[in-house]
Amino acid sequence: MDIGEYLKTHRLVTDGAMGTYYAKRGEKESLVSEWANIKEPEIIAKIHRAYLAAGASLIRTNTFAAGRQTLGIDKGQQEKIVRAACRIAKSEIEAHTARTGKPCFLAGDIGPLREFMENGETTDAESEYRALVDLFLDEGVSALWFETFPDMGGMEKAAGYAKEKFPSIFCAGLFCINQNGYSVSGIRANRLIAQAAQSEALDAVGLNCGVGSGHMLHIVKNLYLPETKYFCVLPNAGYPEQLQNRMVFMRNENYFRKNMEEIAAHGVSIIGACCGSSPEYIKELSENILPLSVCSKDRGEGKKESIDLRENKESANENNFLMQLLKHKKVIAVELDPPYDANDQKIIAAAQRLKEIGADLITIADSPQGRSRMDSVLSAVKLTNITGLPVMPHICCRDKNMIAMRSILLGAYANGIRNFLFVTGDPVPGELRSSATGVFDYNSMKLMNFVREVNREHFSDEPIVYGGALNQGRINFDIELSRAQKKIDAGASYFLTQPVYGARDIERLFLLKKTLNTKLLAGIMPLVSYRNANFVKNEVRGIDIPDKVLSSYHPEMSREEGEDVGVRISLAVMKELESFVDGFYFMLPFNRVGLLEKIIREKL
């Protein structure tokens, strides 16, 4: 009997945690269980045996973290670990079935993989997934179990490859979400399940890890479970607590079982447990939930997520800045750097002057180059309250973890801010790394995905509109084009570019505008002195200043002469760009608003 046949008449209970349970037995939370496949196989066998005795009908191989980068191993070592894991589990399943007559299935466990350097070359994650699939199929597993994924990346192609080689293999794809129902890629649970439901290669989809059973119950209640797939739920036992310098999961089998009874009643076909669980948890499930009726076609009371995943253009009726872009007005966005201290009088004066000049939007940098300045969102709120101009604070992923990021976005929204620029951010300066660390829970694309989901869930009537940064000076511009398209797919409505000075940048922006369906604001940064020009050329990453531009400045220039040269070069660049860009993004050195005034006066 295969898993599909079994599920027609039975609910399937999986095993529980391997990594945390193995570490607990060794009383060292840092122990990596995958090494035990070849170093302590008898311990892994005992763990499988305990889960089988507790009533599990599906055993996962001890290979979740068997990636080459994770373990620091080569392909040969990986094969040895994976084959050993399969044979240990297979032996225990065969002995259990011979002893009890009960069917039990073996699933090859695969966690998310990343590209990394090996022997001086970058590995391809897709090829490693394929290598793992080949190993599992060769060892005769009943299923492939892709778990704890943040999105469909890697999973779908690997499952499709497995189906091509062995069409009857059962493939399950499970995602890890947080207490708010989002993955670390910023995608909401409903959306993840809807995406997975479209995959012809996946037989089952679901959620595992990330949250305890109470939070998982709340999330499942609000899910629409697809009719065409079996659904799996494997929450953590709970949340670890600090105990004598160790992180320990407190036992709560009865509480876990009660929550899982409710979860199962919503039409869940496959249930089990993840981090912090033990055979006692699985025994509670097998003895109390298996006798319940097989999952019904009533998929619960959650919200239905459309399976049509084509993006709907968000309404821009309430967003003046986006409306101007959509109506093909050449917009003027001006970046102001907030102060290093609490004295904001200069930036307020600059903002008021920009309103008089006719700027369409003020954008506020978020501690550029990793050096603390006044908060971009709080500065933006104050400036828009004083001037009435739309504002676009930059949000840098470097400095805020996932919790803080959600909080700042909600607070900004409550204060009327609807436009953002999302950037990954410069690294923390070297001299500060001993006392400050970069967070990077998100990168710009993951943050965009997250906000796209928040828009759908909470702000559909008046969504947040966001853009991304674009570095046209990147050595491999094809990579930058690819990244830009991914940001568009994640909901970015526009791009702000690095400052433009030469023909190469202009040609690349023309190509981007021709290739991608997006709005483009070209970066204009007038250089105001010989020293300023040399500093930007040599000290600021990602900005290409041709020698011809640099030679226009000399050390003896007066301030006025330097500014006049900067204005003249900026006007020449704008003339080349004007036929195809959607507006200009001005970065004014030292917040010199008078430069923009000169440019507008000369242009008119």
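**Strand β16**

I began with strand β16, residues 419-423, in this predicted model. The strand is mostly covered, with 5 of its 5 residues buried. Buried means under 20% relative accessible area, exposed over 50%, and partly exposed in between, with a 1.4 Å probe on protein chains only. Strands are DSSP runs of E of at least two residues and helices are runs of H or I of at least four, both numbered from the N terminus.

In a regular strand the side chains alternate between the two faces of the sheet. I looked up both faces of β16. N419, L421 and V423 lie on one side, F420 and F422 on the other, and all are buried.

Next I checked the neighbour. Strand β15 (residues 391-396) pairs with β16 in the parallel sense over 3 bridges. Two strands pair if DSSP finds at least two bridges between them. C396 stands opposite V423 in β16.

**Ground rules**

I number residues from 1 along each chain as its sequence is written, and side-chain values use heavy atoms, with hydrogens and water left out. Local features need pLDDT of at least 70 and side-chain atom pairs count only at pLDDT 80 or more, while totals for chains, interfaces and linings use all residues.

**Rings**

I searched the whole structure for aromatic pairs and got 14. The rings of F420 and F422 are stacked, because their centres are 5.8 Å apart and their planes are at 15 degrees. Rings of Phe, Tyr and Trp (its six-membered ring) pair if their centres lie within 6.5 Å; planes under 30 degrees apart count as stacked, over 60 as edge-to-face and the rest as tilted. Elsewhere, ring pairs link Y129, F146 and F149 into a cluster.

I also looked for charges over rings. The cut-off is NZ of Lys or CZ of Arg within 6 Å of the ring centre and within 35 degrees of the ring normal. K39 lies over the face of W35, 4.8 Å from the ring centre. The charged end of R373 sits over the ring of Y340, at 4.0 Å from its centre.

**The open sheet**

How many strands form the open sheet? I found 8, in the order β1-β12-β9-β8-β7-β6-β3-β2, with parallel pairing. The edge strands are β1 (12-13) and β2 (58-60), and each pairs on one side only. Inside the order, β6 (residues 143-149) and β7 (residues 170-175) run parallel and are joined by 5 bridges. W145 has A172 in β7 as its bridge partner.

**I332**

I332 is in strand β13, residues 331-336. Is I332 buried or exposed? I332 counts as buried because its relative accessibility is 18%. D360 is 28 residues away in sequence, yet the C-alpha atoms of I332 and D360 are 5.3 Å apart. Not counting residues up to four places away in sequence, I332 touches A359, D360, L361, F584, F586, L596 and I600. Contact means heavy atoms within 4.5 Å.

**Helix α20**

In helix α20 (residues 530-539), I noted N532, A533 and V536 as buried. They line one face of the helix, because the buried residues fall within an arc of 100 degrees seen down the axis. The arc is that of the directions from the helix axis to the C-beta atoms. These buried residues pack against α21 (547-550). On the other side, R531, N538 and E539 are exposed.

**Confidence**

Last, I checked pLDDT, the predictor's confidence in each residue, from 0 to 100. The protein chain has a mean of 89, and 90% of its residues reach 70 or more. Over residues 293-317, pLDDT stays under 50. For that stretch the model has 56 contacts beyond four places in sequence.
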